Amino acid sequence: MDAGEADDVAAGTALTSPVIETLKRRSSVRAFLDKEVPEAMLDAVLAAARQAPTSSNLQVYSFVVVRDPATKRRLAELAGGQDHVARAPVFVAICADIHRLDAVMAEAGGSLARDHLELSVVSIVDAALVGMAASLAGDSLGLGGCMIGGMRNDPEAVAQVLGLPDGVFVVFGMTLGWPAERPPAKPRLPDDAVIHRERYGAVDAAAAADIAGRYDALLEAHKRATEREDGVAWSRRMAAGFSEPKRPELLSALKTLGFRFD
Ligand SMILES: Cc1cc2nc3c(=O)[nH]c(=O)nc-3n(C[C@H](O)[C@H](O)[C@H](O)COP(=O)(O)O)c2cc1C
C-alpha cells in the first residue's frame, strides 16, 4: 500500500499484510522437530534482523550462534534447567556489545566513553530490537522459537561458556527450530489498557481491577481452549511472583562484565 491508497482506508477497516499476519499468529515455541535449520536460512534470518534500527548507527550488539549440543546443554542448565534450549537445533545468544565499538574507536584514535548508564541502555535496546527482528524473520519462514531471559540468571557463567570479552553480555537468548507444535497466539492485555491517545490515562484502583478482570477472563478462556488450565489467574500470578526483586545479583554481574548503570 502507498500513502495515496491509505486515504481510501475507512476507519475500522481490518488491515492486513504478511508482516501483520506473522505477528498475529506468533507464539513462543518450545517443542521442535528433529530437523536442522539450514545455515542459509539462519544467515537470511540474521541478515534481515540486522536491518533493525540501531541508536546512532552504533550497532552495539552481537549474535553468538550455538549449534554444539554440549554448549546448548550447559546453557539450558544455566537458564534454570530449560530443556527446550538443549532440544532446539539452534540457539542464538543476543548480546549487548560495547567491546567491538570500543576497539574500532581506539583504532580510529578515539576512546569510547563506556562508564555511563546511557551506553548500557542503548546496547540493551539495540539487542532487543535486533532480537525481535530475528524472531519475526524466523517466524515468517515457518521457523519458531522462544526468547530466553534465563541467560541473565548467571551472566558471568554464560559469558565464560561463550567466550565473551569484557563489554559483552547476553541480554537474552533465542531458540530457533522447526515447530513440533505451535501454540495458538496468547491473548494480550486489552488494547484500551495499553494504547493511550495523546496523554497517558492513569491506572487507578478501579481501572486496575477492570483491566485485571477482563484479562484474567481472557487468559483463562485461552488456557481452557489450549488445555493449559492451572487455576491461577494472571493478576494473582503477577502478585505472587513479582512482589520480590528478581535476580538481585544482576547489577554487580553486569558491572563485572563491563557495563555501568549509574
Ligand atoms: C526477553 C524475554 C525473555 C523470555 N525468557 C523466557 C525464558 O527464559 N523461558 C521461557 O520459557 N520463555 C521466556 N520468554 C517467553 C515469554 O514467557 C512469552 O513471550 C510470554 O509468555 C508471551 O507468550 P507468547 O510469546 O507465546 O505470546 C521470554 C520472553 C522475552 C520477551
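What percentage of the 262 residues in the protein is buried? Buried residues make up 27% of them. A residue counts as buried if 20 or more other C-beta atoms lie within 10 Å of its own, as exposed if 12 or fewer do, and as partly exposed in between, with C-beta atoms placed from the backbone.

This is a predicted model: local features need pLDDT of at least 70, side-chain atom pairs count only at pLDDT 80 or more, and totals for chains, interfaces and linings use all residues. Residues are numbered from 1 along each chain as its sequence is written.

Start with the whole protein. Its C-alpha atoms fill a box of roughly 55 × 45 × 40 Å, taken along the principal axes. It has 12 helices and four strands. These are DSSP runs, numbered from the N terminus: helices are H or I with at least four residues, strands are E with at least two.

Next, the domains. Domain 1 covers 17–183 and domain 2 covers 186–255. Such bounds come from an automatic or database domain assignment. The domain centres, taken over C-alpha atoms, are separated by 25 Å. Seven residues from domain 1 and six residues from domain 2 make the contact. Two residues are in contact if their C-beta atoms, placed from the backbone, lie within 7 Å. On the side of domain 1 that touches domain 2, three residues are nonpolar, two polar and two charged. Here Ala, Val, Leu, Ile, Met, Phe, Trp, Tyr, Cys and Pro count as nonpolar, Asp, Glu, Lys and Arg as charged, and the others, Gly among them, as polar.

Now look at two helices. Helix α4 spans residues 69–78 and helix α8 spans residues 155–162. Their axes lie 10 Å apart, at an angle of about 175 degrees. Axes are lines fitted to C-alpha atoms, for helices over the stretch in contact, and angles run from 0 to 180 degrees between N-to-C directions. α4 and α8 are therefore roughly antiparallel to each other, a term for angles over 145 degrees. T71, R74, L75 and L78 of α4 meet A157, V158 and V161 of α8. Five residues of this contact are nonpolar, one is polar and one is charged.

Which residues surround the ligand? Among them are S27, A79, C146, F172 and K186. The shell has five nonpolar, five polar and one charged residues.

Finish at A6, in helix α1 (residues 3–6). A6 is exposed because 9 other C-beta atoms lie within 10 Å.

Conventions:
A residue is near a molecule or strand if its C-beta atom, placed from the backbone, lies within 6 Å of it. Angles under 35 degrees count as roughly parallel, over 145 as roughly antiparallel, 65 to 115 as roughly perpendicular and the rest as oblique.
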